[in-house]
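Here's a friendly walk through one protein model, meant for someone meeting it for the first time. Take a look at the picture, then read on.

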Amino acid sequence: MPPSHKPSSSHSSRPSHSSSSHSSHSSHSSHSSHSSHSYSHHSGGYHHRPPHHHSYGHSGYGYSGGYGHRSYGSRSFFGSCVGTVAFVILIIVILAVVVWVKHNGSGQQSTGNNNQIAVTDTSHQPIYVAALGRDVPWNSEYDMYYDKQTDCYFFLNTDMDPPIWQYWFEGVSSQYGEDYGWLEWDARESRWYVQTGETKWELLPEKYASDLWHFD
């Protein structure tokens, strides 16, 4: 039988926690001398300043070089309003498309294996194990799945990041005492690890690994 408590550590994972790294940025106000925009330049005995911009006229009329040119302010205002309305309509259309896509995609679930992480332990429904070719029922006494034929207890430890399947094979795990012996399959290394301490995991000897199954 597995220990009464589930492992709080993993060979390849760390407990999930939200860590926020605060990078301190010192904000110093950089004052520009504005030497390129409003300045006085003394060279050769003369004083130079940028020319001042003069605007004349009122109510839709402007004068330049002594000749009056009528500027149709109302027409410019109307064109600006039309452009703004068109922009707002475009934004509304984009938002509608995004909402529609999310709504239609929410009902779809990933069918990929993905280490069968899509199947949660809280479902309490039998889980199909491809390596065994059959469904394995939930064991409410130990709060995990149990396959009677291989005498294996297993569950998806979602406290780890990323979540990882952990196994207790009776006859193998029990070789490591009453408190330890949980097993993990390392897909990258293609080998088993066994918990031998609170946070200590070691390679499982090959003599124990030959008859064990695992999720891909």
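Accessible areas here come from the Shrake-Rupley method with a 1.4 Å probe. On that basis, the protein chain exposes about 16,100 Å², and carbon and sulfur atoms supply 54% of it. Keep in mind that this is a predicted model.

**The overall build**

Let's start with the big picture. The protein chain has two helices and 15 strands. It runs to 216 residues, of which 24% count as buried. Look at contacts between residues at least 6 apart in sequence, and you'll find that 41% of them join residues at least 24 apart.

**A greasy stretch on a helix**

Now over to helix α1, which covers residues 73-105 and is where Leu90 sits. Leu90 belongs to a nonpolar surface patch of about 720 Å², together with Phe87, Val88, Ile91, Ile92, Ile94, Leu95 and Val98. As for Leu90 itself, its relative accessible area is 48%; the cut-offs are under 20% for buried and over 50% for exposed, so Leu90 comes out as partly exposed.

**Rings meeting rings**

How many aromatic pairs does a search of the whole structure find? The tally is 19. One of them joins Tyr167 and Phe169, a stacked pair with 6.1 Å centre to centre and 20° between the planes. Both Tyr167 and Phe169 are buried.

Phe169 has another ring partner in Trp213: the centres are 5.9 Å apart and the planes stand at 75°, so this pair is edge-to-face. Phe169 lies in strand β12 (residues 164-169), while Trp213 is in the segment after α2, so the pair ties together parts that are 44 residues apart in sequence. Phe169 has a relative accessible area of 3%, so it counts as buried, and Trp213 is buried too, at 7%.

**Charged partners**

What about salt bridges? The count comes to five, and the table lists some of them.

| Residues in the salt bridge | N to O distance |
|---|---|
| Asp186 and Arg188 | 4.0 Å |
| Glu189 and Arg191 | 2.7 Å |
| Lys200 and Glu202 | 3.3 Å |

**A closer look at Asp186**

You'll find it in strand β13, which spans residues 183-186. Besides the salt bridge with Arg188, a polar atom of the Asp186 side chain lies 3.0 Å from the backbone nitrogen of Arg188. Which residues does Asp186 contact once neighbours within four places in sequence are left aside? They are His11, Arg191 and Tyr193.

Methods:
Residues are numbered from 1 along each chain as its sequence is written. This is a predicted model: local features need pLDDT of at least 70, side-chain atom pairs count only at pLDDT 80 or more; totals for chains, interfaces and linings use all residues. Side-chain values use heavy atoms; hydrogens and water are left out. Helices (H or I, at least four residues) and strands (E, at least two) are DSSP runs, numbered from the N terminus. A polar contact is a pair of N or O atoms within 3.5 Å; within protein, one must be able to donate a hydrogen and the other to accept it, and residues adjacent in sequence count only if both atoms are side-chain atoms. Contact means heavy atoms within 4.5 Å. Patches are made of residues with over 30% relative accessible area and no salt bridge: like charges are joined within 9 Å, nonpolar side chains (Val, Leu, Ile, Met, Phe, Trp, Tyr) within 5 Å. A salt bridge is a side-chain nitrogen of Lys or Arg within 4 Å of a carboxyl oxygen of Asp or Glu. Buried means under 20% relative accessible area, exposed over 50%, partly exposed in between (1.4 Å probe, protein chains only). Rings of Phe, Tyr and Trp (its six-membered ring) pair if their centres lie within 6.5 Å; planes under 30 degrees apart count as stacked, over 60 as edge-to-face and the rest as tilted.
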